Amino acid sequence: MHNSLNKFKIIDFSKPSWMKVFMLLSLCLPTFLIFPMAHADENDPINFIAGISRVHDNNLFRESTMERSDNITTAYAGVRLDKQYSMQRFKADFTLTAYRYQKYDVLDFDAKDYKGAWLWKLTPYLSGTLSADRKQQLTTFEDYRNLSVVTLQNVRVSENQHFEADFSPHGIWHLLGGATRSTQSNSKTFQAEDSFTMNALDAGVKYDFRSGSSITLMGHERRGNYEDRTINTATLFDTKFDESEAEAKLSWLISGKSQVNARAAYVTRNHDNFSQRDYSGVVGRVDYRWMPAGKLSITASASSDLSSFQTDYSSYTRNNTLSISPVYALSDKISMRATASASERTFLGEVGISINNGRVDTSKSISLGVDWTPLRSVTIGANLARSSRSSNLAGFDFTDTTAGLNANLFF
């Protein structure tokens, strides 16, 4: 690996000036805890956020052997808008985030993320949402494993523009419709999860029960285009696809202390030129939230998903996951949280180019965290996580431990 990857690096104040503000913010945090500060008001139309975190990762590249560790500093600042004008509501969130790696500074990048929505209402019976969002993040090394100097950093940008309408003259039955445009772009070539643009039309109905529960039936028709591809008969990489999905969703308020949210759907994806890449099947998710006491809440989840993952030995994956996440409030200012999950990921859709060998990955993870809110505007947290993956193919196993601290301001 190139020398630049092994260079030890301390904080460099030649970085953009706003990075200096982050560093000063972290140094001045004790002052905020000692002296009074203006409280953030959730009813204010505009609020500002800022924060900094430091994480140690003992296996940054998720390798089976010769693990390499690093310390990652993340600093962010942003502004949030939430304003009601008569029947119209406007929401916006813009955040600048700097990611800095102590050893592998080739991974450093700055992200510009936003979310914006107009919750419109023309009459008491006709309402909807017009929204747009953008998220920029480093692709994890669990699947992206091109660890050369040139291709090490793959920054993925995901964007969505969405319109939806809800017509309900009696507040019980709802007619739903909408359209969505989604894009995903990789800064480096990653054929398994290639860059794409997808347009979708949505339509359905919803029924609200007097108890607060609801049932929704939706249909989705999507048309996708892989931006950086040309048709390749040797590798069977296609350029376009159609996707259909029929789904049913249930939100069931069992009691004041428990709730179930469930989703079941049937998905079909067909490619324009190579049917070998097609797939279909049932997907779904069930979340059960239980609040036996005022200080304790537990969420248990089970899901099964299909995802495109195109290689020379697979076209898609099925991922089955079980998880449980308890949260306990020790006091008004201190809360503890934990998550444990286990999943099995099967690689399917062999295309005959390479032997699949029935690749199956089994992953497990557990995390513990604590959050302290000494003031309404200040949150300090710590987190410890352990994850592992075992595979029936060599080179895909790994274990990883991360530990981190974070501080956040809301004003």
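Biologist: Which strands each supply at least two residues of the lining of the second largest pocket?

Modeller: In this predicted model, the second largest pocket has a volume of about 650 Å³. Its lining comprises 24 residues, with Asp57, Arg62, Ile72, Tyr101 and Thr140 nearest the centre. The strands that each contribute at least two lining residues are E1, E2, E3, E5, E16, E17 and E18.

Biologist: How do the residues of that lining divide into nonpolar, polar and charged?

Modeller: The lining of the second largest pocket is made up of 24 residues. They divide into 10 nonpolar, 8 polar and 6 charged.

Biologist: In which sense do strands E4 and E5 pair, and over how many bridges?

Modeller: A hairpin of 2 residues connects E4 to E5. Within this pairing, Lys115 has Asp133 of E5 as its bridge partner. The sense is antiparallel, and the count is 9 bridges.

Biologist: What is the geometry of the aromatic pair of Tyr85 and Phe90?

Modeller: The model holds 14 aromatic pairs. For Tyr85 and Phe90, the centres are 6.1 Å apart and the planes make an angle of 65°. Because planes over 60 degrees apart count as edge-to-face, the pair of Tyr85 and Phe90 is edge-to-face.

Key
Residues numbered from 1 in each chain as written. Predicted model: local features only at pLDDT ≥ 70, side-chain atom pairs only at ≥ 80, totals over all residues. Heavy atoms only, no water. Pairing = 2+ DSSP bridges. Helix = DSSP H or I, 4+ residues; strand = E, 2+ residues; numbered from the N terminus. 1 Å grid on protein atoms, 1.4 Å probe; cavity = no way out; pocket = protein on both sides within 12 Å on 5 of 7 lines; lining within 4 Å. Points joined across faces, edges and corners; volume = space filled by probe spheres on them. Nonpolar A, V, L, I, M, F, W, Y, C, P; charged D, E, K, R; others polar. Phe/Tyr/Trp six-rings, centres within 6.5 Å; stacked < 30°, edge-to-face > 60°.
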